[in-house]
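Here is a brief report on selected local features of one protein model.

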Amino acid sequence: MTQLCICGSFYPMSFPKVILKAGKEKSLLRRHPWVFSGAVYGVSREIEDGEMVEVVDAKNTRLGHGYFSDKGSIVVRLLTFGEEEFTANFWRQKLQAAWEMRHEILDFSQTNAFRVIHGEGDGIPGLIVDFYNQHWVLQAHSSGVFQQMQVIAQAIEQAFPEHCQTLYCKSSGTLPNTGTDFFLKGNTPETVAQENGISFHVNWVEGQKTGFFLDQRDNRKLLGSFSKNKKVLNTFCYTGGFSVYAMQAGAELVTSVDISQKAVDLATKNMDLYFAKAQHSAVASDVFEFMRTHAQQYDVIVLDPPAFAKSIKSKHTATQAYKRLNMAGLKALAPKGILFTFSCSQVIDDVLFYNTVAAAAIETGRNIRVLHKLTQGPDHPTNIYHPEGHYLKGLVLYVE
């Protein structure tokens with residue numbers, strides 16, 4: 001069979017076909033990139049997990065190309081649509097287009113830590129690529145993308161040779177059967193990166209996710225505008241991003257709380273970049289317990305928990321957890337205080353999150369106004385044809 005060479009890997013010019021049932025092509029014609037198992041009529045031959053396939057409708061009309069998965073309900077994630085060919089330049093073109101967009105929306109002189117590829121939002125379902133001051137962290141959420149890590153790394157090196165010191169694949173947490181994480185280039189585990197002119201230690205080998213929560217950049221900056229001369233509590237602080245912004249803005253006192261001692265140590269390390277003798281307290285504690293014992297002591301509180309709902313099955317339990325958390329936060333907030341509250345659970349939509357916070361507010365009996373509705377930063381774009389890519393919800397509340 002004739003093959004197409006892409007950066008050292010080979011793709012067949014003819015791919016196995018995934019054939020859809022009649023009428024099931026409509027979402028793909030609207031450029032939604034997922035094919036669900038219930039839409040599939042059959043396949044042209046046995047297909048291996050992660051293999052590239054051509055998706056066709058019941059009349060054998062091409063709908064696009066993508067990677068096949070034999071795990072879960074999504075059997076194909078599309079990379080191309082219609083008659084568009086999957087070419088040797090695919091990865092490089094997508095990377096360059098994504099980089100150019102970030103150059104338009106970010107000030108590179110002040111920010112050198114940002115997301116370059118955000119899965120479906122940048123036309124590559126299953127791939128996350130984060131950039132930290134010349135260091136790249138790649139994360140696969142599908143076996144098809146994971147199998148192309150070397151190819152993607154080569155495309156990055158070719159497209160951005162002056163910006164590529166390290167390439168690290170960190171997919172063990174998203175694809176448990178892939179083995180340990182590994183370097184594709186270099187061996188540097190950490191750096192000091194900047195966002196909005198503020199420096200942070202980032203360690204992609206030992207840190208959570210890819211090393212830092214880049215999606216909160218704009219929300220951290222907004223927090224700073226509320227923090228001058230205020231007592232600020234940052235819960236689930238992780239590396240202390242919100243804490244540093246608050247102190248930079250002139251907060252009177254900042255307390256960072258996380259159940260992980262490692263996390264509060266990281267928060268202290270980042271604070272020490274600027275404020276060796278700052279009015280900063282880092283506490284390893286259960287967040288609920290900490291707020292229960294500090295009633296009405298803080299002027300500004302940040303509630304930024306990890307995802308309480310990992311699947312639709314845990315939606316109800318997660319909703320109750322968000323309600324309890326927001327009730328605790330509201331009780332710890334001083335009169336005329338500001339509450340920043342978030343959910344990164346994808347199955348908790350904006351309306352449910354709003355209603356859950358409102359339910360918590362009702363329990364307190366306090367007069368509360370919504371000042372801002374927040375979301376993920378623009379370097380985490382949502383494809384307009386794939387609304388599922390919107391995951392981060394936030395509210396800024398003024399609480400009398």
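Does H135 count as buried or exposed, and why? The model is a predicted one. H135 has a relative accessibility of 5%. Buried means under 20%, so H135 counts as buried.

**H135**

H135 belongs to strand β11, which covers residues 135-140. Its side chain makes a polar contact of 2.8 Å with the side chain of T166. Leaving out residues up to four places away in sequence, H135 touches D130, Q165, T166, T188, T191 and W204.

**R102**

R102 sits in helix α2. Its relative accessibility is 0%, so R102 counts as buried too. A polar atom of the R102 side chain lies 2.8 Å from the backbone oxygen of D379. D379 is also among the contacts of R102 outside four places in sequence. R102 and R115 are 13 residues apart in sequence; their C-alpha atoms are 8.3 Å apart in space.

**Helix pairs**

Two packed helices are described by the angle between their axes and the distance between the axes. The table gives both values for two pairs.

| Pair | Residues | Angle | Axis distance |
|---|---|---|---|
| α2 and α4 | 90-105 and 149-159 | about 55 degrees | 9 Å |
| α9 and α10 | 315-332 and 350-364 | about 45 degrees | 8 Å |

Take α2 and α4. Their angle is about 55 degrees, and the two helices are therefore oblique to each other. Their crossing is right-handed. On the α2 side, the contact is made by W91, R92, L95 and Q96. On the α4 side, V151, I152, A155, I156, Q158 and A159 take part. By class, this contact has 7 nonpolar, 2 polar and 1 charged residues.

Now α9 and α10. Their angle is about 45 degrees, so this pair is oblique as well. The crossing of α9 and α10 is right-handed. Helix α9 contributes K315, T319, Y322, K323, N326, M327 and L330 to the contact. Helix α10 contributes L352, T356, V357, A359, A360, A361, E363 and T364. The classes here are 8 nonpolar, 4 polar and 3 charged residues.

Conventions. Residues numbered from 1 in each chain as written. Predicted model: local features only at pLDDT ≥ 70, side-chain atom pairs only at ≥ 80, totals over all residues. Heavy atoms only, no water. Axes fitted to C-alpha atoms, helices over the stretch in contact; angles between N-to-C directions. Helix = DSSP H or I, 4+ residues; strand = E, 2+ residues; numbered from the N terminus. Parallel < 35°, antiparallel > 145°, perpendicular 65-115°, else oblique. Left-handed = near helix turned anticlockwise from the far one by under 90°. Contact = heavy atoms within 4.5 Å. Nonpolar A, V, L, I, M, F, W, Y, C, P; charged D, E, K, R; others polar. Buried < 20%, exposed > 50% of the residue type's maximum accessible area, 1.4 Å probe, protein only. Polar contact = N/O pair within 3.5 Å; in protein donor to acceptor, adjacent residues only side chain to side chain.
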